[in-house]
Amino acid sequence: MGKILLTALSAVLGLGIATAEAAEGVEIPSRDWSFSGPFGTFDPAARQRGFQVFKEVCSGCHGLEYIAFRNLAEIGYSEDEVKAIAAEFTMVDGPDDEGEMFEREGKSSDFWPAPFANDKAAAAANNGATPPELSLITKARKNGPNYVFALLTGYEEPPTDVELLEGLNYNKVFPGHQIAMAAPLFEDGVEYADGTPASVEQMAHDVVTFLAWTAEPEMDARKHMGLKVMIFLVVFSIVLYAVKRKVWADQH
Amino acid sequence: MNGMNNPLVKWIDHRLPIFTLMKAELTDYPTPRNLNYWWNYGSLAGITLMILIVTGIMLAMQYTAHVDYAFQSTERIMRDVNYGWLIRYIHMNGGSFFFIVVYIHIFRGLYYGSYKPPRELLWIMGVVILLLMMMTAFMGYVLPWGQMSFWGATVITNLFSAIPWVGDAIVTWLWGGFSVDNPTLNRFYSLHYLMPFIIVAVVVLHLWGLHRFGSNNPLGIDAKGPQDKIPFHPYYTIKDLYGLAIFLLVYAGFVFYAPNFFGEPDNYIPANPLSTPAHIVPEWYFLPYYAILRAIPDKLLGVIAMFASILVLFILPWLDRSPVRSGRFRSWMFKGTFWFFIFVCVVLGVVGANPPEGMWLVVGRLATAWYFLHFLVILPVLSVVERPKALPTSISEAVLGGGDTAAGAAAKPMEKA
Amino acid sequence: MAESAMTAQAGGTGESRRDFLYLTAGAMGAVAVGAVAWPIIDSMNPSADVLALASTEVDLSPIEEGQRITVTWRGKPIFIDNRTPEQIEAALDVDLESLPDPQSDAERIKEGRANWLVLVGVCTHLGCVPLGQRTGEPRGEWAGWFCPCHGSHYDTSGRIRKGPAPANLPVPPYEFISDETIFIG
């Protein structure tokens, strides 16, 4: 028993107090996510709605670099639907037999195209700040899902003693409180296919669910496998302890 | 063991006595009968090393060590390679668990005097393994080429510029260029693949040195005869297996349910040489040394202090000369300062994670001072002034004869460790 | 040992209980080893991105009669030939027994689409890419394809006729998903 405690304790105490990613002193509220906890899973409906929000609102400026169209099959789209989504995009391919680059429709094996040719073009079009690609964002920020939600819903009027710099917007949660991105979500900004009312909170909730999936597509499988492994190891430990006691019986 | 009567076994063993060796060193090997669970951590360390090597080799099949592909190939492993996420998370958390296990293993040695004669070289080889582990882990963390990979590499390699006269040339040589870049990444990959096998070699030496005199034990007294020892198999093989199952339970808990607990979110941002993160933090197992480094205001002295904090371990057998091995029979001062030392190490770790300013700097300096005080002053002084408890006469008497009390031994002369 | 093995089933005495325990531990250990081995082995199988590129759709509409194109599939060249009636006839007019690798033309095309020939363009001798796809390239004595490396001649059905190659140019797995489109893989 002491062994278990001490191993766990040493692990916990080894915790490096992570650097604050949110603004100093701001508390990020913890929301109930469908995927939180050891038994959490991605809510499929929220995830699909979140994809819609990403596609219609965010993808103009933000890339989704590590997601290929074929990955969308995991969030509930059929092979044909995936092909159709891919086909909406134009990709550059080549060179052809004449040595020229040519354009073609997106295929399901293609990756989500970047909205800008490169980082500098992205910054030039966005107030000098490069919009980060979003497929890893919930892992790239401390307390990721809660932080992203708080940021998306954290736009407000600046307090009287704060002078907003040119082109920036006041955000409760962003470090320094002044963010280049203007508030992206507005009530009914998206018309949900399943008819869910599109409040800012709802859209933020859904897009965070989607982005949590893009960052950790293996999560559902990981937790499922984890359960089997943990149960196996608990039983195995009990069996091995019994064997250990039996073997040592003549020594005690 | 009827295995030894097998004709094939005999044929091989006659030509290459590997079975005789395994029987002597793993089966019949006499081990003190009173080892407690703190003695499990050595085998756990060896197994964790094996896990890291196997998962590392599998990752190396899929990873590309080039600044343009490192981050991307790591994400490909996480998303597209069958069970890639599992192998990566096992490897990543394995690094942390290797240090957890080894630190506990070291503290066991500190408490029970496992570094004392005749085991000085055993201890020294252990410290060598620790150094090799730190180098390996440092280089491994650079490979995913995230923000922390890049900036951690930049900060730590820059430390060598503190060396007078040749410092800058050394840093340029380490980098293979004028900043951390592709040549650096590639050589770190090569060395990260190599060093675990050097660790294996030193572990073999470590075990050879161990088997020379056999394991220490919680009482710290030598075995008086065969009644004090039992064969390694089946007693300690099964106990180690049980300990392994518990260890795997905790390990799996992190791999499957909190795989990024020990990591830094910034490392999921691709390395950007033009943008420094607000707080550069090394992996948790380096935090105490990082705190010591930043406690000293002078760059060179800070580097020296940081290395000294490990080098002091090498000379420990000559700093603590108490003839009593096990902390169990030493004074309350020893026990008290031992636990306080652990506390100081934890404090150093917390300090290392925070910016070196204000209160953190003060606490960091005090803790650094105490760290060196513990080894260079407290332990030597204690070994001279303390009056330890009386030792039991023998292991078996202590184990089978009703406990290791001084009363039983009071009438007999105190045993020298 | 045998006695306790027999009584293990009965589960009566302490000794057989001990053996049952050891057996359980051993069995669980074997399961654990297998469970650990599988992900390691499977990680070396083609990954999802490789599988995604493992099939290709080809639009046949721009290929005119008598024209040949090359596409890539799983890293290999695929010869697609829109055969003329003369080429089809030449492929049919053969004594199958005389072929080094007997195979009828019908086995190498899709029913009702005899003009379309789809082949893996890798010589079955030692792996060179045979000539004949581009105009002006030699096609060998049977007007199919000719491998310059060691002189293998393939006919208008891609079958080996002369030379060291042991087998016909393979036909990859493909289907017509529409009149003008094939899906390879």
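B:Tyr83 sits in the loop between α4 (70-79) and α5 of chain B, helices here being DSSP runs of H or I with at least four residues, numbered from the N terminus. This is a predicted model, in which local features need pLDDT of at least 70 and side-chain atom pairs count only at pLDDT 80 or more, while totals for chains, interfaces and linings use all residues. Residues are numbered from 1 along each chain as its sequence is written, chains are lettered from A and ligands numbered from 1 in the order in which they are written, and side-chain values use heavy atoms, leaving out hydrogens and water.

B:Tyr83 is not a glycine, yet its phi is positive, at about 60°. At 24% relative accessibility B:Tyr83 counts as partly exposed (buried is under 20% relative accessible area, exposed over 50%, partly exposed in between, with a 1.4 Å probe and protein chains only). B:Trp165, in the loop between α7 (147-158) and α8 (167-175) of chain B, also has a positive phi, near 65°, but counts as exposed because its relative accessibility is 88%.

Then there are the cis peptide bonds. One runs from B:Pro117 to B:Pro118, with omega near 0°, and B:Pro118 belongs to the loop between α5 and α6 (120-142) of chain B. Another links B:His233 to B:Pro234, with omega near 5°; B:Pro234 lies in helix α10 (residues 232-257) of chain B.

As for packing, helices α3 (residues 41-60) and α5 (residues 84-112) of chain B meet at an angle of about 155°, their axes 9 Å apart (axes are lines fitted to C-alpha atoms over the stretch in contact, and angles run from 0 to 180 degrees between N-to-C directions).

Methods
Helices (H or I, at least four residues) and strands (E, at least two) are DSSP runs, numbered from the N terminus.
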